[in-house]
Amino acid sequence: MCGICGMVGDGDEKILERMLRRLVPRGPDEEGRHLEPGVMLGVRRLQVIDPEGGHQPMGNETCPERGRGTGTIWVALNGEIYNYRELRAELISKGHRFTTHCDTEVLVHLYEQEGEEGVHRLRGMFAYALWDRARDTLFLFRDRLGIKPLYYALSSGGNSGTGALMFASELPALVAGMSPPSLRPEAIAQYLTRLYVPGTGTIFQGIQEVRAGEWVQIRQGRLETRRYFRLDKAWREQPEVRVQDLAERFLDSLKDTVRHHLVSDVPLGLFLSGGLDSGAILAMMRTLSDQPIKSFSIGYEAQADESYNELAAARLLADHFGTVHTEERLRPDAVTLLPRIVAAMGEPFADSSAIPTYLVSQVARRSVTVALSGIGGDELFGGYPRYLGIRTAARYAVVPRGLRAWTAATLSPWLSEGTGSQNYAGRLRRFLRDGHRPLAEQYTRWMTFLPPEREGEIFTPGLYPYAQNAMLDRTYPDLFQIWPSEDPSDRAMALDLQTYLPDDLLRMGDRLSMAHSLELRVPFCDHELLALALAVPARVRFQGWKLKGFMRRALKALLPQTILGRSKFGFQVPVARWLREDLREMVHDLLSEDTIRRRGYVRPEYVQWLIREHEDGRRNFADQLYALLVLELWHQTRES
């Protein structure tokens with residue numbers, strides 16, 4: 001695992017130096033550079049595979065001096081290629097000569113053999129840059145689901161013109177090599193709407209993220225992009241299949257996936273919640289190895305937060321499979337903790353599960369360099385209540401629309417909103433509020449965090465046109481609508497796989513683990529396991545109208561019944577209570593009327609309304625207030 005950066009075109013080595021300095025947490029073990037006229041590649045390396053021999057950047061000839069030489073092809077890799085051993089053996093059989101045992105060198109020789117199309121052969125999580133001197137071309141590749149990040153900026157000329165291209169694994173590193181970029185107002189509005197900046201656009205003007213399943217190439221200053229993987233092309237309508245056959249294929253595929261993800265030359269462990277996803281990974285780890293397994297969990301100290309606590313379930317799994325288990329209890333020490341999390345993300349990001357993710361990464365890094373996580377299991381196998389919600393909404397649609405509209409206008413506002421981890425009342429309120437709308441719009445609104453009753457009174461006049469563009473954006477509804485399956489839950493899950501998973505969960509997992517120099521692996525995001533998940537019909541996936549009904553049945557012989565019968569918890573924090581109590585002073589300090597007015601994004605009276613409603617217990621505005629807190633902390637971090 002590494003941080004990579006570089007540029008093609010006119011540049012100064014001091015620029016590369018600044019970018020590399022910002023990437024040290026991603027790769028604390030060593031630094032490598034390749035320089036030639038018009039090209040600079042840099043790597044900060046975390047040694048995981050072939051620690052002694054896997055120096056980067058890596059060329060296609062033995063170099064007399066590390067980082068410099070006569071090679072015509074150079075690669076800088078962030079990530080892991082899990083099938084590199086099989087590819088290495090195949091390439092050797094075709095006459096290629098290897099000088100190391102690392103996965104990066106496989107990319108060099110695979111490109112020599114198959115060109116850029118070789119990316120289709122890779123199984124893993126990766127973002128890598130490849131320079132081909134003979135073709136005067138730089139390629140930037142990103143894995144199929146967007147596990148590893150890669151950002152770029154074209155200094156001049158636009159997509160159809162010419163200019164220098166800069167790239168880096170993280171936004172702060174790329175920004176460190178540029179003139180200070182201006183903020184993108186539409187991204188601010190998108191962030192306050194979704195709690196993250198969606199898509200390939202970023203918070204900064206002119207900086208893009210390579211799309212999941214895409215490569216970018218720049219040749220003689222001209223930039224082109226190509227999608228080599230599309231999720232909708234991987235889906236096929238399935239004929240009638242036996243559930244038992246599917247279950248056996250799932251277990252075989254999961255075991256094979258976990259086996260590949262265990263390849264490491266350094267200590268390895270597991271983020272263990274009390275849920276099905278991490279439990280399934282642990283069960284496979286145990287079948288594959290009789291060596292000690294290290295597991296790590298985060299819980300909560302206050303009795304008031306017990307509904308969020310999964311420590312007992314995690315401990316049950318740890319005992320059942322005999323892991324060396326470490327758990328830590330969390331207190332809302334926001335004064336020191338939140339600024340560190342905001343700095344680690346490098347951009348406004350308001351999913352509050354970033355807090356336990358940051359802390360469990362910190363705890364795990366004390367004893368391992370690599371950790372596996374269950375991220376992706378919910379999107380592949382149906383773990384979110386909203387998936388059953390959208391199936392229910394399709395049935396609710398038979399009720400006359402006028403009656404549904406009346407219910408939305410008169411009944412839903414009277415329903416209270418809960419603050420616990422399940423919050424059934426809040427879910428019912430949102431369901432009835434949007435039940436008269438088309439399914440695509442309903443689902444999109446469930447993932448929107450602007451109070452609909454104040455939509456016209458939230459943003460300042462300066463930001464309002466950009467906010468309108470964000471709210472009218474059809475990307476989410478269109479992705480829902482064009483998915484080839486007729487089942488609404490299939491469409492919802494496909495939308496999440498293309499948006500929420502890469503833009504929220506994977507982005508968070510990568511940044512906050514790498515902030516502690518910990519490599520995070522996500523077996524459920526393996527593209528071969530994904531192909532199997534897409535083959536499971538919705539009626540099977542939600543067997544018995546249960547979340548992950550298929551997965552529960554398949555794992556029946558492997559996991560304790562207590563775990564199989566548990567409701568979905570999620571990696572949540574009791575932020576609603578914290579904002580009313582422990583963080584109350586911080587809220588009033590950072591979200592004062594003067595501060596809100598100075599930033600100029602939202603109206604001060606709107607923010608004061610959020611605070612009053614939340615603190616008095618009339619509404620649960622934890623997400624909205626937390627988003628504003630993070631945005632202000634991000635500004636302060638950027639200005640310091």
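Contact here means heavy atoms within 4.5 Å, and the views that follow are taken from a predicted model.

**View 1. Six strands form an open sheet with antiparallel pairing.** Reading across the sheet, the order of the strands is β4-β5-β6-β7-β11-β12. At its edges stand β4, made of residues 58-59, and β12, made of residues 222-227, each of which pairs on one side only.

**View 2. Strands β6 and β7 run antiparallel and are joined by six bridges.** Strand β6 spans residues 124-132, while strand β7 spans residues 137-142. Within this pair of strands, the residue that stands opposite F141 of β7 is Y128.

**View 3. A salt bridge links E36 with R133.** The closest N and O atoms of E36 and R133 are 3.0 Å apart. Because E36 belongs to strand β2 (residues 30-36) and R133 to the loop between β6 and β7, the pair ties together parts that are 97 residues apart in sequence. E36 has a relative accessibility of 16% and therefore counts as buried, the cut-off for this class being under 20%. R133, by contrast, counts as partly exposed, because its relative accessibility is 31%.

**View 4. The side chains of D478 and R474 meet in a salt bridge.** The N to O distance in this pairing of D478 with R474 is 3.6 Å. With a relative accessibility of 36%, D478 counts as partly exposed, and R474 is likewise partly exposed, with a relative accessible area of 47%.

**View 5. E519 and R521 are joined by a salt bridge.** The closest N and O atoms of E519 and R521 lie 2.5 Å apart, and both E519 and R521 are buried.

**View 6. Salt bridges that share partners join E13, E17, R21, E31, R33 and R44 into one network.** Side chains of opposite charge can pair when their charged atoms come close. In the structure as a whole, a search finds 53 salt bridges, among them the one between E36 and R133 shown in View 4.

How values were computed: Residues are numbered from 1 along each chain as its sequence is written. This is a predicted model: local features need pLDDT of at least 70, side-chain atom pairs count only at pLDDT 80 or more; totals for chains, interfaces and linings use all residues. Side-chain values use heavy atoms; hydrogens and water are left out. Two strands pair if DSSP finds at least two bridges between them. Helices (H or I, at least four residues) and strands (E, at least two) are DSSP runs, numbered from the N terminus. Buried means under 20% relative accessible area, exposed over 50%, partly exposed in between (1.4 Å probe, protein chains only).
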